[in-house]
Amino acid sequence: MLDFFIGHYAYWFVFILMAIGLYGMTVKCNLVKKLIGMTIFQVSIILFFVASANKWGATVPVLDHSAGSIDPTKYINPLPHTLMLTAIVVGVATLGVALALVITIYNRYQTLDETRLLEHMRKDDDSE
Amino acid sequence: MILSNSPALAPLSLLLAAIVIPMVAFRRRWLAFPIALCASAFATGISVVNLVRVLSEGVIHYHFGGWIPPIGIEYVLDPLSAFVTLVVNAVSLLVLVHAHRSVAAELPDRSMPYYAVVMLMLTGFNGIILTGDFFNLYVFLEISSLALYGMIAVGNKKSPVAAFRYLIMGTVGGSFYLLGVGFVYMTTGSLNMADIAKIAPTLYHQPALVAALGLMVVGLGIKMAIFPLHGWLPDAYTYAPSASSALIAPVGAKVGVYAIIRVIFYVFGVDFVRHSLPLTDILAWLGAIAIVYGSVLAIAQKEMKRMLAYSSVAQIGYIGLGIGLANPYGIIGAVLHVMNHALMKACLFLVAGNFRLKLGHSTIPRLDHRVRKRMPWTTAAFTVGALSMVGVPPTVGFFSKWYLALGTIQNGRWLFLAALLVSSLLNAVYFFRVLEKVYMKPLEGDVPDDGDTALAEAPGSMLIPTLVLGIALLLLGLFNAVIVTGIITRIVPPGM
Amino acid sequence: MKTANYIVLLLFTGLMIYASLGLPQRGDPYATINLDESPVHSPGAAAYYIRNAHKDAHTDNMVTVILADYRGYDTLGEETVIMTAGLICFMLLRRRKEEKDENA
Amino acid sequence: MRTHRPNPIVSLVSRVVSPFIMMFALYVIFHGHYSPGGGFQGGTLIAAALILIRLAEGNETAQLQFPRAWATPLGSLGVLIYFGTGLAAVFMGGRFLDYSVLHLAHHATMSRSYGILLVEIGVGLAVTAILVSIFDNLLEGKPDA
């Protein structure tokens, strides 16, 4: 039972973090707060992968020549780390585009509050 | 050399164009369009070659860097992926030809980055379709979605808000998909689709794998706007520049549909889905609801692009219904409808673009029969597209509905059959509303019939793609038996 | 509306935690992902990388070898993603400045 | 920066620190074969050094160091280095991104090693240029400019 807990509790914290991120994205009205939630959400998934790469008693995946023959149990799984390097870059790129959109929106409407933004848009629709 | 590398060449040529455009066309902007057009034409040619090769040689695997699959990344060229790449590349080539004038009119000073971003979107789509690796699919999904956010955001005043909402939704979708990949990787230890297809049947009722399937389908569903997750779609299509909506609407959602077909039927397999999660039933019900919901809302719209956007929701419902039926007729209908809807939507959006260029608007109540007199060819193309959407026999639209109807009858789902029939009526209502304005409505007031010389047929670069699509709708309808027996029957996945 | 949101979030977290119960023990060196062979006898990718990275590419850092060689196509995609982001920021925000540059 | 007030301490410290960050970044890129590191990490560090100068010295002064017009073509060049390495392999008769056929060294494994280095340099260049470009563009689109 305790073994099972130790083998899984990290994932549960990751999912709680994920829920916090989703909360920021869905409930908050300010667009920048939504972006903060989005970043938390993405980081939680990165943590999920990195947590899964762990092996007890293993070291970083850089070959140690002094160890002689290669023992896969002595190095943590390198694949999730590689995938997450890519995912981090994707996250940065998305954040950059999102900030560009936020700046464009602020320049046009002078507000970042979603409810007021929708009001402005409805007004524009009526005037057309 | 070209032949041995042909599976990878379509996305790579598009990517090369996207890299070269910012370097070459930074100061000489007029170069951007020819480069983009050449790359798109080359990709279309390569897709034709690939389809012919697949039909004669069988499935082709392409290993990047020479590494064998679970170690490296592979591209898989089977009849389904070859067919869908050809549809995507050919339709976008036609739309790109059409887009030149409307980009010059709507985005005069941003044409260089715009064409580069269009090339990146097509790279992403080709990559998603061809890849045989789950993580590679995620990377290309993100390339195409980032490009889509950008293409939507350069429209009118409201477009950045629409793009931002799509960005938030799309990121949730992409992250769900990535989480699903994580679950799959941790339970099976592999990222290669063919490898997982072998391992998954040994893991029925493994909650992590079931969750992975659910997360992947929901994630892709958000990206492709399956019915309850379609919230971002109408605004995005309406506020985007007309070149963007004509490029995104026909092919964007189809790529998501393709990915869902691939994940459900080729990776996890029908048996896994039947044993673990009532996913196909859910998809079928959502599809049926989407068909009716989208059609009803389309009737209520005044703006033509928004009407077409809601009609897209309905049409994606047809495809979802076909997938959800999970029998051979359903799959044939769904894949055929992928092609049909790409052609029909492209045709109709091009017509909307022509109206926008010549009339300055595409609002339905303001159309009148002057349009038919001055723009006869555009009106003819619209008529063919509308008839095809309704499903009148000689056009392609009839045949996919026919196969879907056969599928519902085979499964004995009469309610879904009813949804199909009702939606055909609703389609007729909202398209005949436009046709009635164009053909019947007399001029308002005493405006002299030939006083307005500005109103004329669209220029050749816009008219020809529209007409080609209109003729293709008729021809492919007449020869659809060839496509179905030659290509699509070979797509029906194993286990059905 | 807000309460519905909270309920959905709680349900999501609960479902995910339930799904995670089926995952292998974290840190187990003999879990499926870390084996040399998958259950259907295809090579296990992670163990292959650890064993052969140095032999194949004469590079000690396995992450570098996977990133640039075994899964190099992913990294090309990653580059493309960030180039897309740069181009979109350019397209959305750099307009007035470009005109100014050309006038000068 | 709109209201840039020069501060001698900030200016001096960032001017001194920035070259060392870049030095370390080059180490991270070129030593990525033997220790944690690589193109993306190093590229981000160079971009951080450039952005530090932009923040401390004001955007106009920083243009002397890295003009904003370079960023987009340079980023494309970085991706082109990566893409070109892959395409060269196709022309030498291998698969896309198969560095062993490139004959960068006598042995196929060493050739792979050099191929990886080449690709990492491309990644570093692209990431540097594009992160700076995103920063510049965000600054340029600032409200009421």
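**Entry 1: where chains B and C meet**

I began with the contact between chain C and chain B in this predicted model. I wanted to know how many residues each chain brings to it. Chain B contributes 44 residues, and chain C contributes 37 residues.

Next I asked which helices of chain C supply at least two residues each to the side touching chain B. I found helix H1 (2-20), helix H2 (45-57), helix H3 (62-70) and helix H4 (72-93) there. H4(C) gives the most to this side of chain C, with 14 residues.

Then I sorted the residues on the side of chain C that touches chain B by type. I noted 21 nonpolar, 10 polar and six charged residues.

**Entry 2: the build of chain A**

I turned to chain A and looked up its secondary structure. Chain A has four helices and zero strands, and from the N terminus on its elements read α-α-α-α.

Why is chain A described as more spread out than a compact globule? For 128 residues the globule rule gives 14 Å, but the radius of gyration of chain A is 22 Å, well over that value, so chain A is more spread out than a compact globule.

I also looked up the box that the C-alpha atoms of chain A fill: along the principal axes, it is roughly 75 × 35 × 15 Å.

**Entry 3: inside chain A**

What share of the 128 residues in chain A is buried? I wrote down 42%.

Last, I took the contacts in chain A with a separation of 6 or more. Of these, 47% are between residues 24 or more positions apart.

Terms used:
Residues are numbered from 1 along each chain as its sequence is written. Chains are lettered from A and ligands numbered from 1 in the order in which they are written. This is a predicted model: local features need pLDDT of at least 70, side-chain atom pairs count only at pLDDT 80 or more; totals for chains, interfaces and linings use all residues. Two residues are in contact if their C-beta atoms, placed from the backbone, lie within 7 Å. Ala, Val, Leu, Ile, Met, Phe, Trp, Tyr, Cys and Pro count as nonpolar, Asp, Glu, Lys and Arg as charged, and the others, Gly among them, as polar. The radius of gyration is taken over C-alpha atoms; the globule rule is 2.2 Å times the number of residues to the power 0.38. A residue is buried if 20 or more other C-beta atoms lie within 10 Å of its own, exposed if 12 or fewer, and partly exposed in between; C-beta atoms are placed from the backbone.
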